[in-house]
Amino acid sequence: MTDPLLYLDGVSVSFDGFKALNNLSLMIDPGELRAIIGPNGAGKTTMMDVITGKTRPDHGTVMFEGNTDLTKLKESTIANLGIGRKFQRPTVFEHHTVLDNLELALKNPRGVFSGLFYKVSEEDRKRIEELLDITKLSPKRDVVAGGLAHGEKQWLEIGMLLAQDPKLLLVDEPVAGMTDAETEQTAHLLRAISGKHSVIVVEHDMVFVRELGVKVTVLHEGSMLAEGSLDTVSANQQVIDVYLGR
Amino acid sequence: MLTRFLLAGLDTKAWVLLSVLAVLAVAVPFMALAVPPTSPWSLSMLTVTLLGKYFCYALLALSLDLVWGYCGILSLGHGAFFALGGYAMGMYLMRQIGSRGVYGNAELPDFMVFLNWKELPWYWHGFDMFPFAALMVVLIPGVLAFAFGWFAFRSRVTGVYLSIITQAMTFALLLAFFRNDMGFGGNNGLTDFKEILGYDIQAPATRAGLFVATVVALAIGYILASAVVSSKYGKVLVAVRDAESRVRFLGYDVEKVKLFAWTLSACMAGVAGALYVPQVGIINPSEFSPAASIEAVIWVAVGGRGTLAGAVLGAVIVNYGKTWFTGVLPEVWLFALGGLFVLVTLFLPKGILGLAGDLRQRLAARRSRAAAGSNAAKEATAP
């Protein structure tokens with residue numbers, strides 16, 4: 001058995017007495033694509049906040065690659081360890097071109113002075129071309145990101161995450177507001193990414209989760225309710241009661 | 001590497017501006033010193049000083065634009081860094097007076113003799129040497145900005161809250177410098193300067209020299225700022241302005257990104273203040289007043305936030321307006337300034353330079369539409 005890439009152990013977070021996460025434990029293997037579903041307020045976004053360092057848990061540990069406790073580190077350090085995050089609302093740099101967005105995300109030294117004296121290398125240029133191909137944004141390379149369609153922004157953001165070359169990708173509701181065709185393409189994109197990278201997808205859209213066809217974790221009131229294939233969890237009476245049945 | 005870094009940032013606008021500055025650096029001293037006063041081409045010393053003052057303000061506006069226009073940090077206290085640079089220079093100029101003061105004390109400035117002080121406070125030591133004073137001109141604003149930024153950015157204070165603290169910072173300094181026992185001349189500040197680097201500060205040649213120094217400083221500041229904003233670091237700055245948390249999750253240390261621009265900007269403002277003081281002949285606590293800092297924000301807004309040339313243009317235009325208005329209709333000036341700010345915010349969110357860009361685009365669009373129209377007409381008439 002391989003060691004898990006990410007291991008959440010007994011994580012609890014409360015805001016003003018409200019338990020957003022309640023003794024949550026979760027394991028993600030290297031290269032795994034995992035879908036996380038759950039009703040509103042189940043703690044999906046809080047879980048992502050804890051993993052990426054935005055929120056500090058009250059209890060519990062988050063071990064990355066077996067020996068790094070993420071709960072003690074700040075966002076930028078965690079990002080540089082190899083954890084990328086996609087927001088629910090597409091968040092790209094609206095005043096920069098598609099090309100610049102990708103260039104900023106490329107895995108290069110992040111310091112002020114390396115930024116001042118940075119020059120695009122041949123290798124970087126090739127990598128950017130690759131990413132433009134994967135995200136199908138090649139024709140829009142010189143367009144300012146603010147002028148992209150909603151779906152294109154989502155892909156650009158995924159492209160930026162790939163540019164970071166993370167070991168683990170956290171993707172928050174990637175298909176919200178997308179057309180069916182875009183949704184299908186996004187599922188395809190995420191499946192292509194996993195294998196080389198571990199991916200956690202938080203999603204409401206059941207059609208999309210079915211499309212992904214991967215192991216599903218159901219969250220409810222900050223804890224794990226069920227885990228397994230979509231068919232298994234769909235058959236679980238508790239899951240039906242709190243979520244699917246409504 | 002450094003030359004490449006510095007030159008890479010210069011676009012057409014920059015070259016135009018730098019050429020204008022180069023012409024002024026030659027023409028203004030020539031017209032003031034060599035052209036006989038009877039000629040219509042002659043410039044009075046007053047005009048030279050006034051122009052020098054405008055360009056000091058332009059350098060301040062440039063430094064403010066670097067943090068506000070590119071990094072989204074609206075500083076309402078940049079006048080503090082300007083004033084601190086000015087005080088550092090003022091202290092040097094005070095020490096140069098020597099025994100020519102009213103009390104003839106070679107060691108102590110007049111105001112200290114007046115306050116019955118027996119010896120020079122420790123923090124005045126070294127300011128009799130120009131290189132030391134010049135170093136302090138950048139170091140003091142730089143260190144203050146670094147310390148301020150270190151705490152403010154680390155605690156994730158942003159937006160309006162940060163603006164309010166910058167305002168509080170300059171106000172606190174205003175109150176502190178008003179106090180006589182601070183040792184900076186209190187209410188009256190530092191004035192009555194005699195010479196700078198051994199040259200009579202009132203002499204036309206010195207005044208012309210100070211003007212040229214100001215223009216050169218502005219040009220260097222401009223080249224430096226262009227290099228910074230056009231580098232990858234500059235793109236990160238804009239990214240922080242537009243989507244701070246995205247930048248953080250990409251692995252950039254946003255605090256350090258902000259801190260660098262903020263400190264650099266404060267140093268530039270300090271230099272502007274240091275050049276301002278010998279030209280206007282006085283530095284007093286009013287330079288710390290919140291209103292002065294807010295005025296600088298208006299210059300940048302009018303010229304075009306986020307365009308370096310706009311900041312320079314805005315500072316010069318608004319201050320020319322101020323000179324003109326306070327001469328003709330002094331009581332109207334503040335209303336005009338307020339009205340200008342409201343108008344610019346409502347109708348010209350990108351300032352004068354942004355308006356020029358929009359007009360050019362609209363003209364180009366109309367031209368291409370007209371061309372398309374005539375093509376369509378041709379096709380329609382073709383069989």
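Mentor: Gladly! Helices (DSSP runs of H or I, at least four residues) and strands (runs of E, at least two) are numbered from the N terminus. By that count chain A holds 10 helices and 10 strands. This is a predicted model, where local features need pLDDT of at least 70, side-chain atom pairs count only at pLDDT 80 or more, and totals for chains, interfaces and linings use all residues. Residues are numbered from 1 along each chain as its sequence is written, while chains are lettered from A and ligands numbered from 1 in the order in which they are written.

The C-alpha trace of chain A spans about 55 × 40 × 40 Å along its principal axes.

Now for our close look, a helix pair in chain B. Helix α2 of chain B (residues 12-33) packs against helix α8 of chain B (residues 204-230) at an angle of about 175 degrees, and their axes lie 9 Å apart (axes are lines fitted to C-alpha atoms over the stretch in contact, with angles from 0 to 180 degrees between N-to-C directions). α2(B) and α8(B) are therefore roughly antiparallel, the word for angles over 145 degrees. By class, the contact residues divide into 20 nonpolar, 1 polar and no charged (Ala, Val, Leu, Ile, Met, Phe, Trp, Tyr, Cys and Pro are nonpolar, Asp, Glu, Lys and Arg charged, the others, Gly among them, polar).

Terms used:
Angles under 35 degrees count as roughly parallel, over 145 as roughly antiparallel, 65 to 115 as roughly perpendicular and the rest as oblique.
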